[in-house]
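Please examine the protein chain shown below.

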Amino acid sequence: MYDWNEINQRDVDGNHLAFVPDSTLASGGRPDKYGGMDQIRSDWVATPVSPGPTAIIWTITAPHAAAYYDVFITKASWTPDQALTWDNLELLVRTGPRPLETEANIPVTLPQRTGRHVIYSVWQRSLS
């Protein structure tokens, strides 16, 4: 992936559901360029996690101030053979505004889940 910093949408202004259609969440609503990210596959690399407090850490190589970060997890009823849709996600946390930073540490509490699930996050930059 040449433009890995660029899985984004301009002018979203918080209206992610309109700009990022169901089944294109991983590609940021840009399946023409990043559709490989939306594939339903059983061999995606997974990281074991446990329920309870943890942190989602963003390493930001193109720093911008953030209006907020949203962190979601797939619902308990979701299975990896399903496309990723907004209805399949449960919001864990929305941060407040954050200054320009090169690393964002976002505390979340993971609910009980079994099997494979997706943690999905949105970085809403304050200038777009």
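In which loop does Ala-83 lie? Ala-83 belongs to the loop between S2 and strand S3 (89-94). Here helices (H or I, at least four residues) and strands (E, at least two) are DSSP runs, numbered from the N terminus. The model is a predicted one, in which local features need pLDDT of at least 70 and side-chain atom pairs count only at pLDDT 80 or more, while totals for chains, interfaces and linings use all residues. Residues are numbered from 1 along each chain as its sequence is written, and side-chain values use heavy atoms, with hydrogens and water left out.

With a relative accessible area of 26%, Ala-83 is partly exposed. That term covers values between the buried class, under 20% relative accessible area, and the exposed class, over 50% (1.4 Å probe, protein chains only). Not counting residues up to four places away in sequence, Ala-83 touches Ser-23, Ile-40, Trp-78 and Asn-88, where contact means heavy atoms within 4.5 Å. Ala-83 and Gln-39 are 44 residues apart in sequence, and their C-alpha atoms are 8.0 Å apart in space.

Asn-88 is found in the loop between S2 and S3, and its relative accessibility of 16% makes Asn-88 count as buried. Leaving aside neighbours within four places in sequence, Asn-88 is in contact with Ile-73, Thr-74, Lys-75, Trp-78 and Ala-83. The C-alpha atoms of Asn-88 and Gln-112, 24 residues apart along the chain, are separated by 16 Å. Ser-23, in turn, has its place in the loop between H1 and helix H2 (31-34). Ser-23 is partly exposed, at a relative accessible area of 36%, and has a positive phi of about 75 degrees although it is not a glycine.

How many helices and strands does the protein chain have? The secondary structure comes to 2 helices and 5 strands. From the N terminus on, these elements run α-α-β-β-β-β-β.

The segment before helix H1 (16-19) contains Gly-14, and Asp-13 also has its place in the segment before H1. Asp-13 is exposed, with a relative accessible area of 63%. The phi of Asp-13 is near 50 degrees, a positive value in a residue other than glycine. Gly-14 counts as partly exposed, at 34% relative accessibility. Leaving out residues up to four places away in sequence, Gly-14 touches Tyr-68 and Gln-124. Between the C-alpha atoms of Gly-14 and Ser-126, which are 112 residues apart along the chain, the separation is 9.7 Å.

Another pairing across the sequence involves Ala-46, in the loop between H2 and S1. Ala-46 counts as partly exposed, at 45% relative accessibility. Ala-46 and Val-118 are 72 residues apart in sequence, and 9.0 Å apart in space from C-alpha to C-alpha. For the protein chain as a whole, among contacts between residues at least 6 apart in sequence, 70% join residues at least 24 apart.

The largest nonpolar core has 11 residues in all: Ile-56, Trp-58, Ile-60, Ala-66, Tyr-69, Val-71, Ile-73, Ala-104, Ile-106, Val-108 and Leu-110. The elements that give two or more residues to this core are strand S1 (52-59), strand S2 (66-74) and strand S4 (103-110). Apart from this core lies another, of 9 residues, among them Val-20, Trp-78, Leu-84 and Val-122. A nonpolar core is a set of buried Ala, Val, Leu, Ile, Met, Phe, Trp, Tyr and Cys residues joined through side-chain atoms within 4.5 Å. Within the largest core, Ile-106 is in contact with residues including Ile-56, Trp-58, Tyr-69, Val-71 and Arg-98, leaving aside its neighbours within four places in sequence.

What radius of gyration does the protein chain have? The value is 15 Å, which agrees with the one near 14 Å that a compact globule of 128 residues would have. This radius is taken over C-alpha atoms, and the globule rule is 2.2 Å times the number of residues to the power 0.38. Along the principal axes, the C-alpha atoms fill a box of roughly 35 × 35 × 25 Å. Buried residues make up 31% of the 128 residues.
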